[in-house]
Amino acid sequence: MRTLWGSRTAGLRVPAVVGTALIILLTASPLVNLLISALAGGPKAFSILMNSSMLSLIAETMLLATLATLWAMVLGLPPAWILTRTDLPGRRVLQAVGVLPLAIPPYIGAFTYITLLGPVGWVNTVYQAIGGSGPIVNIYGLWGGALVLGLFTYPYILLIVGSALKGSDPALEEAARAAGLGPVGIFLRVTFPLLRPSLLAGALLVFLYALSDFGAVSLLRVNTFTTEIFHQLNTRFDQRNAAVLSAILVFLTAVVLMAQRKSLGRRSFVQQRSGSRPATIYPLGRWKAPVLCCTYLILGGSVFLPVTLLLYQTGSLMSLLHTLIAGYRYLWNSLWTAAVAATVASGLGLFVAYLTQRRKGSAGLLLTSATQLGYAIPGTVLGLSLILLYNAYLPWIYGTAAMVILGYLLRFLPQAVQSSTTALAQVNPNLEEAARSLGRSPWQALREVTVPLIRPGIAAGWMLVFISSMKELAATLLLRPAGFDTLPVRIWIASLEVDYAGAAATSLILIVITALPLFLISRLDATVSQLN
């Protein structure tokens, strides 16, 4: 046992072993039970694979995720370089506004763009009013899903690539400049190759999000695995077929993760920085106005236009207040479940981070891998796996709000783990040893020395889990007890019922609540580390 946890955690051995076993059981058991359920029927259970529409479903799902990722890269990569390496006016303000799409769930974005570009949306209404016949544009379908998902997920690439650009060694670009390369040549031959890990990390987040999204694709009528799983559960009431589809989606997700790891391979992207010189800022000159216009176009499509449409559809401040008062219980359900999930996740995240950072080894790797499962599994799959597991073995939990909290916890625990791990990695273990030498126990050293130093990282992780839980739709739809609606559920229901005013007002309430902690996160030093 000493070789596993070491002297620094000597007083925490039993809690560490018990806690590790419980966390692995909590995070891995739903997925294991899902796979067992999928295989339980034998060959007959996989008859769905022989359906001629299965290849079409796989192709459409993967194509949607690929197009959304490429679109997000187009929207996120150029602004990341422009806002960090040029003299564009108002860069700091634009950087802050650029992360706001993370506060707007894609299903809200889909709702706003349906009112604009749908068959009976404003664009088609105006077109027909001036003499046109039929709709000139129709956002429903594959291209609409890719458009919306890319518009509201590109900040992942913007943040991660922007952070890498800020931390890169300016000496490399200066050497390339001395060799006669211009700004474009420097970017293509020096900067871009070094950005490959951060770009792939951001692209992976977007791809996995698009692969697992349910709200936006269901509203935009894109047939993907998530919508088909939901259809099997709520229309056909066929848990076995839903389990098989979920197992296939988990397999596709695992393939994507392995492909990303293989793409990086054993290459080294480490830069040895000498000094703390800032990167070179390039003057835009006559390109300043066009670049500024393009930047505002991106922000307009992802922030200004959706919020403006929501405000217009809400109608008035009184309508917003009426929605807030009438739906206070939905707001309360969202707030308290998200807060409880974020608090529990922060505690577990600190526990996992402490063990994996202070005692690196096979146990730490296993624990880290187990906690990452939820983030790689779509909300519909996670919801189904929890239903199958807890309905069979813990029926007293099934059908309660505890299932919703558990779904949030498993889905977003990796964010809290990453947050605490990043913060803890910057704390010298010798500080804890010094506290121990003064007579403090391991628990006291952790509470009095380590936790105060990493409090900003823990707070950032709490807010990230809170934001993600507030926005979660798919898992909530499957796990909520009867009559237990949250803000995302009400938005989804109102959209299906064509209650655009109610959906818009509820969307504005959700955006305001999630934008505040997002702004607070942007004030912390570890912002990008939490999203990566």
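**View A. Asp 87 is partly exposed, at 26% relative accessibility.** The model shown here and in the following views is predicted. Lys 288 also falls in the partly exposed class, since its relative accessibility is 29%. The side chains of Asp 87 and Lys 288 meet in a salt bridge, with 3.7 Å from N to O. A search of the whole structure finds four salt bridges.

**View B. A salt bridge joins the side chains of Arg 411 and Glu 472.** The N to O distance is 3.9 Å. Arg 411 lies in helix 21 (residues 401-424) and Glu 472 in the loop between helix 23 and helix 24 (474-479), so the pair connects parts that are 61 residues apart in sequence. Arg 411 is buried, because its relative accessible area is 8% and the class takes in values under 20%. Glu 472 also counts as buried, at 9% relative accessibility.

**View C. Arg 480, Asp 485 and Arg 490 are linked in a network of salt bridges.** How exposed or buried are Asp 485 and Arg 480? Asp 485 counts as buried, because its relative accessibility is 8%. Arg 480 has 25% relative accessibility and therefore counts as partly exposed.

**View D. Phe 214, Phe 230 and Trp 492 form one aromatic cluster.** The structure holds seven aromatic pairs. One of them is formed by Phe 214 and Trp 492, with 6.0 Å centre to centre and 45° between the planes, and this pair is tilted. Phe 214 is in the loop between helix 11 (196-212) and helix 12 (215-219), and Trp 492 is in helix 25 (residues 487-496); the pair links distant parts of the chain, 278 residues apart. Phe 214 has a relative accessibility of 3% and therefore counts as buried. Trp 492 is buried as well, at 13% relative accessibility.

**View E. The rings of Phe 230 and Trp 492 form an edge-to-face pair.** Their centres are 5.8 Å apart and the planes stand at 80°, so the pair falls in the edge-to-face class, which takes in angles over 60 degrees. Phe 230 lies in helix 13 (residues 225-234) and Trp 492 in helix 25, so the pair ties together parts separated by 262 residues in sequence. Both Phe 230 and Trp 492 are buried.

**View F. Arg 221 lies over the face of Tyr 140.** Arg 221 is placed at 4.0 Å from the centre of the Tyr 140 ring.

**View G. A nonpolar patch on the surface is formed by Leu 317, Met 318, Leu 321, Leu 324 and Ile 325.** Together these residues have about 520 Å² of accessible area. Met 318, one of the patch residues, is part of helix 16 (residues 317-326). Met 318 counts as exposed, because its relative accessibility is 61% and the exposed class begins over 50%.

**View H. Ser 468 sits in helix 23 (residues 442-471).** Ser 468 has a relative accessible area of 12% and is therefore buried. Which residues does Ser 468 touch, not counting those up to four places away in sequence? These are Phe 412 and Gln 415.

**View I. Ile 511 is located in helix 26 (residues 500-522).** With 10% relative accessibility, Ile 511 counts as buried. Leaving aside neighbours within four places in sequence, Ile 511 is in contact with Ala 103, Ile 104, Ile 108 and Leu 310. Leu 100 is 411 residues apart from Ile 511 in sequence, while the C-alpha to C-alpha distance between Leu 100 and Ile 511 is 9.2 Å.

Definitions and conventions. Residues are numbered from 1 along each chain as its sequence is written. This is a predicted model: local features need pLDDT of at least 70, side-chain atom pairs count only at pLDDT 80 or more; totals for chains, interfaces and linings use all residues. Side-chain values use heavy atoms; hydrogens and water are left out. Rings of Phe, Tyr and Trp (its six-membered ring) pair if their centres lie within 6.5 Å; planes under 30 degrees apart count as stacked, over 60 as edge-to-face and the rest as tilted. Helices (H or I, at least four residues) and strands (E, at least two) are DSSP runs, numbered from the N terminus. Buried means under 20% relative accessible area, exposed over 50%, partly exposed in between (1.4 Å probe, protein chains only). A charge sits over a ring if NZ of Lys or CZ of Arg is within 6 Å of the ring centre and within 35 degrees of the ring normal. Patches are made of residues with over 30% relative accessible area and no salt bridge: like charges are joined within 9 Å, nonpolar side chains (Val, Leu, Ile, Met, Phe, Trp, Tyr) within 5 Å. Accessible areas come from the Shrake-Rupley method with a 1.4 Å probe; for residues, only the protein chains shown count as cover. Contact means heavy atoms within 4.5 Å.
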